[in-house]
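Have a look at the sequence and the fold first.

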Amino acid sequence: MTTEIESSPKQGELLTPRLHLVAWELTRSCNLFCAHCRGSAAPGSYEGELSTEECFRLIDQILEVGHPIIILTGGEPLVRPDVLTIARYAVNKELRVVMGTNGTLITEEMAAKLKEVPISRLGISLDFPVAELQDDFRGQAGAFSAAMTGITNARRAGIEVQINSTITKLNVNYLDELLALALEAGAVAFHPFMLVPTGRGKGLASVELPPEQYEQTLHWIYDKQVELGDRMFFKPTDAPHYLRVVKQRQEQDQRAKPEPTGGHHPANTVTRGCLAGIGFCFVSHQGKVKGCGYLDVEAGDIRKESFGQVWSNSPLFLKLRDLSNLKGKCGACEYKKICGGCRARAYEATGDYLEAEPYCIYEPVAQRRVATG
């Protein structure tokens, strides 16, 4: 996907929306109790989940907007009894369907069923290369072993696997080992999620990386991408200023660009930092539409209006698409068209999703000029 940019003296700097990804929280129920969980998911049922028929209708409405990749997530999507039925419906409509899962429920039988749908890729969460630490973070003994078994079963069934890791002070020093584990497991991609302290994750605010270490981690990702090339695709998530780091590093050296095709898999496309309301949106288990799962501001409700109406007319999305709305140093930054700052992190820190990204150490050229007179 490419994001086209339009400029107008009256309208400011507008980003043209092109729906590329929809993350869909099919259920908030989960078999684990993870420390960082955005949705504070837990075992048990939640009221108001979209019915199977409502899910079918949502898929039809998404198709009226475009043909995005559908990311089925949760909670744990595999605890929803009709998950395969919903996935198959989307696939039969020629949508690419992937799934974010903790991996613990992927038995050999389930892996075969997922392949039959077919689920194109599984994003399996693994935050520590050490069983005891993973089990503690995920709130259940045996979670590490079960996830590793799930990865093995998925790979044997012929399903692509990517490893998703939420990065905090607790595991940042394990990054090399996590990457080695991902390579050994045959993963095609490694997605470091930079913690946004929302939901149960608010309890981890004290172990969120400081901005300087956050920046160092993005440089580590760049270096590893250059080193490994097509052997592994890295996609930092909730880290929009990685695109700024890439630009700066490419200007500094002439090594290979860290943008391997990864077999031309469309999930490997990195087009912009923050895609909320521009190329990406989130749909909750109750049909609430948001810019992303971490930005707790409602754009609309598919039980009250169509998905297309929300995508096209939501005041939230219209504001996010106009870069002239960005405040502070994000508004002044020369990299705002490719970065934009994390709107969720700005919202959690200030209560204003248009404020400056609080975890970026970069000082825009315009502000430096003002400071030096």
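For the charge count used here, Lys and Arg are positive and Asp and Glu are negative, while His and the chain ends are left out. Keep in mind that this is a predicted model. On that count the protein has 41 positive and 45 negative charges, and their mean positions sit 4 Å apart.

As for the overall build, the protein has 13 helices and 12 strands. Its radius of gyration is 20 Å, close to the 21 Å that the globule rule gives for 373 residues, so the protein is as compact as a globular protein of that length. Of those 373 residues, 58% count as buried.

Two of them are set out here.

| Pair | Centre to centre | Angle between planes | Type |
|---|---|---|---|
| Phe128 and Tyr174 | 6.1 Å | 75 degrees | edge-to-face |
| Tyr335 and Tyr362 | 5.5 Å | 70 degrees | edge-to-face |

Phe128 sits in the loop between β6 and α4, and Tyr174 in the loop between β7 and α6, 46 residues apart. Phe128 is buried at 3% relative accessible area, whereas Tyr174 is partly exposed at 24%. Together with Phe137, these two make up one aromatic cluster.

Tyr335 is in the loop between α11 and α12 and Tyr362 in the loop between α12 and α13, so their pair ties together parts 27 residues apart in sequence. Tyr335 counts as buried at 13% relative accessibility, and Tyr362 counts as buried at 12%.

Note on methods:
Residues numbered from 1 in each chain as written. Predicted model: local features only at pLDDT ≥ 70, side-chain atom pairs only at ≥ 80, totals over all residues. Heavy atoms only, no water. Helix = DSSP H or I, 4+ residues; strand = E, 2+ residues; numbered from the N terminus. Rg over C-alpha atoms; globule rule 2.2 N^0.38 Å. Buried < 20%, exposed > 50% of the residue type's maximum accessible area, 1.4 Å probe, protein only. Charge placed at Lys NZ, Arg CZ, Asp CG, Glu CD. Phe/Tyr/Trp six-rings, centres within 6.5 Å; stacked < 30°, edge-to-face > 60°.
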